[in-house]
Amino acid sequence: MDAILDTIPQLIKDIEQLEDLKEEKENERQALETQNQKLRYRLKFLKEAVTKESNEKSNMDSVNIEDHSLINLHSILISLFSNAIKKAYPTLEDIGQPAVSAGSKFADYQCNASMQICKLLKAKGENVSPNAVAKKVVECLGQCDIIEKVDVSGPGFINIWLSRNKLREILQYVLENKLKPKPLTNPQRVIIDFSSPNVAKEMHVGHLRSTIIGDSLSRVFEFIGHDVLRLNHIGDWGTQFGMLIALLQDKFPDYKTVSPPINDLQEFYKQSKVLFDSDSEFKKRAYDCVVKLQSMSPDHVQAWKLICDVSREEFQKIYKRLNINIIERGESFYQSRMENVVKELENKGFLENDDGRKIMWSPESSIPLTIVKSDGGFTYDTSDMAALKQRIEEEKADRIIYVTDSGQSVHFETLKKCAIHCGILDPSKVLMDFVGFGVVLGEDKKKFKTRSGDTVRLVGLLDEGVKRARDKLVEKGRDKVLTDEELELAETAVAYGCIKYADLCHNRSHDYIFSFDKMLEDKGNTAVYLLYALTRIRSIINNLGTHTQDLNEPISLDHEKEWKLAKTLLRFSEVLSKITEDFCLHHLCEYLYDVATTFNEFYDNCYCIEKNSQTGEIEKVYTGRILLCKITAEYMNTGLTLLGINTVSRM
């Protein structure tokens with residue numbers, strides 16, 4: 001008996017561990033199911049896009065560049081090989097997208113679909129070699145003028161050589177018309193929700209990533225041709241304003257006509273929170289102020305407006321410095337809509353009482369949304385549901401993208417599931433995407449703070465960036481060759497460009513270490529390196545003087561470094577397409593770095609200008625290469641602009 005009793009604690013412990021394991025596995029299952037749902041949804045749209053493109057190109061032997069210059073070579077090759085595989089093996093299903101990759105040692109592109117086809121054939125009882133499969137696919141390959149030749153090597157690798165004449169034609173169009181996307185037949189209404197600071201608080205480093213990523217994504221979707229609405233969902237409503245107004249009544253008697261500066265407001269906010277939590281009399285007064293504000297008492301509304309105006313002014317200073325365009329749409333905008341959405345959810349039986357709260361479940365979510373608090377107030381859940389409904393019904397959104405920290409992923413996943421459950425969101429008609437990102441860390445690899453442990457103010461960060469950028473430029477003697485105006489343009493381009501690029505060049509889902517020293521380096525994958533590369537290219541062109549009148553020869557693509565540069569440039573459309581699928585802007589950063597390093601290879605190996613060693617006068621201009629320089633500048637300038645980075649003529 002004692003032995004049995006002795007085993008009971010261990011059994012209890014084992015049961016608890018099993019319960020914990022069960023919960024952990026259930027969370028993993030739900031996460032996988034969510035990911036699976038997203039992938040199925042994306043796959044549907046990708047298949048539709050591929051089918052559409054395949055149909056357009058099934059009988060195509062010529063790539064049309066009359067209306068745009070953003071030719072996606074990768075997409076064209078995938079369509080051609082997809083059609084060839086279907087023609088060669090019409091009975092095979094679920095082949096998927098053939099693997100076509102650039103950068104092969106043996107050719108310009110390579111298709112490696114043969115192995116997969118062999119496996120599918122083997123499952124059907126057919127034994128055939130990958131080499132034979134590859135040859136059959138090549139036999140069925142349609143004609144296309146971007147391809148010079150195709151052959152099969154080794155165990156079934158299909159090597160693809162591109163046509164220099166066709167790529168020259170595409171680049172010539174870019175030279176004459178700049179980078180010009182294909183006009184969209186059905187542009188989407190895309191709403192991007194980003195930045196989202198709180199009124200009465202200064203913007204800090206925590207707002208940096210959402211603001212930078214959201215702006216760049218907006219630029220990409222706008223460039224492609226979508227109708228983008230950039231929204232700043234600011235916190236400008238709720239209990240905190242009752243707290244703030246109650247304290248202002250005590251500390252700042254002129255609050256009805258003059259609002260205190262943002263620094264004072266932030267301090268008042270902290271004090272009001274302490275009093276709210278510790279002083280029952282103050283708490284009662286704060287709630288009374290909330291009620292009066294919500295019932296639109298003129299004095300309270302006036303005080304609220306003044307507080308919002310002060311904050312808005314401070315936010316706008318930051319946005320102006322970072323060249324961010326965004327439309328404010330605060331929580332107050334949704335007040336009446338929140339009331340309506342609560343009535344709608346209640347009437348349809350989607351709300352249940354939970355100890356005085358009104359909560360909402362979805363069959364697929366493990367946590368509920370709190371739609372109404374026990375005191376009758378609304379929550380972030382309420383405003384987000386009302387905002388989602390407004391964006392779908394009033395703004396006619398086709399796609400809604402939320403750019404916020406990864407810690408919000410569960411909230412937005414729950415919001416999405418509940419919105420689908422109650423019929424507000426139909427995922428077959430409107431895409432809802434969560435774009436999460438990691439934390440900004442200090443060089444100690446802990447959350448980025450000041451030495452005193454406070455959150456880093458964004459305005460202070462920008463000021464420090466400008467100071468360091470100027471110091472770096474002066475250290476290099478640039479103040480001796482640039483005018484005051486040019487130096488100011490250069491220091492702000494470098495400072496803000498470095499801050500943005502240091503964020504965007506990392507995979508957004510990862511944390512990254514903020515270091516001014518590293519981001520201001522002029523070597524490696526940094527904004528300074530890219531800005532210098534672009535100004536170098538521009539200086540080559542600007543130094544031609546009167547020789548620019550003779551630039552009417554064909555673009556030169558004969559040298560291997562010229563050809564490598566041309567192929568690198570023409571990956572631009574492929575990169576943008578990838579960003580619209582996974583919202584990761586580091587693809588564009590990596591592309592621009594590849595362009596810059598490939599250009600340097602080209603310039604080091606291919607003379608563009610020959611000068612007299614004695615007089616420095618230009619004796620010969622290699623026009624075809626100068627044209628390649630101009631085209632490279634166009635791609636780099638466009639790419640940096642999409643990242644929100646201002647470029648300069650001189651640095």
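Here is a short chat about the predicted model shown above.

User: Hi, new to this one. How many helices and strands does the protein have?
Analyst: There are 21 helices and 16 strands in this predicted model.

User: And what share of the residues is buried?
Analyst: Of the 651 residues in the protein, 49% are buried. As for contacts with a separation of 6 or more, 74% of them are between residues 24 or more positions apart.

User: Let's look at some helices. How do helix 7 and helix 8 cross?
Analyst: Their axes come within 9 Å and cross at roughly 105 degrees. That angle makes helix 7 roughly perpendicular to helix 8. Helix 7 covers residues 239-251 and helix 8 covers residues 262-278.

User: Which residues make that contact?
Analyst: From helix 7, they include Met243, Leu244 and Leu247. From helix 8, Phe268, Tyr269 and Phe276 are among them. The contact residues split into nine nonpolar, four polar and two charged.

User: Switching to salt bridges. How many are there?
Analyst: The count comes to 39 salt bridges. One of them pairs aspartate 215 with arginine 230, at 2.8 Å from N to O. Aspartate 215 sits in helix 6 and arginine 230 in strand 6, 15 residues apart.

User: Is that aspartate 215 buried or exposed? And what about arginine 230?
Analyst: Aspartate 215 is buried, with a relative accessible area of 1%. Arginine 230 counts as buried too, at 9% relative accessibility.

User: OK, and what does lysine 358 pair with?
Analyst: Its side chain meets that of glutamate 346 in a salt bridge, 2.8 Å from N to O. Lysine 358 is in strand 9 and glutamate 346 in helix 11, so the pair ties together parts twelve residues apart in sequence. Lysine 358 is partly exposed at 27%, and glutamate 346 is partly exposed at 39%.

User: Back to arginines. Where is arginine 168?
Analyst: You'll find arginine 168 in helix 5, residues 164-177. Arginine 168 is buried yet has no salt bridge.

User: Why no salt bridge there?
Analyst: The nearest side chain of opposite charge, aspartate 558, is 4.2 Å away, and a salt bridge has to be within 4 Å. Leaving aside neighbours within four places in sequence, arginine 168 is in contact with Pro554, Ile555, Leu557 and Asp558.

User: Last one: where is cysteine 144?
Analyst: Cysteine 144 is in the loop between helix 4 and strand 3. At 6% relative accessibility, cysteine 144 counts as buried. Cysteine 144 and serine 163 are 19 residues apart in sequence and 9.6 Å apart in space, C-alpha to C-alpha.

Conventions. Residues numbered from 1 in each chain as written. Predicted model: local features only at pLDDT ≥ 70, side-chain atom pairs only at ≥ 80, totals over all residues. Heavy atoms only, no water. Axes fitted to C-alpha atoms, helices over the stretch in contact; angles between N-to-C directions. Helix = DSSP H or I, 4+ residues; strand = E, 2+ residues; numbered from the N terminus. Parallel < 35°, antiparallel > 145°, perpendicular 65-115°, else oblique. Contact = heavy atoms within 4.5 Å. Nonpolar A, V, L, I, M, F, W, Y, C, P; charged D, E, K, R; others polar. Buried < 20%, exposed > 50% of the residue type's maximum accessible area, 1.4 Å probe, protein only. Lys, Arg positive; Asp, Glu negative; His and termini not counted.
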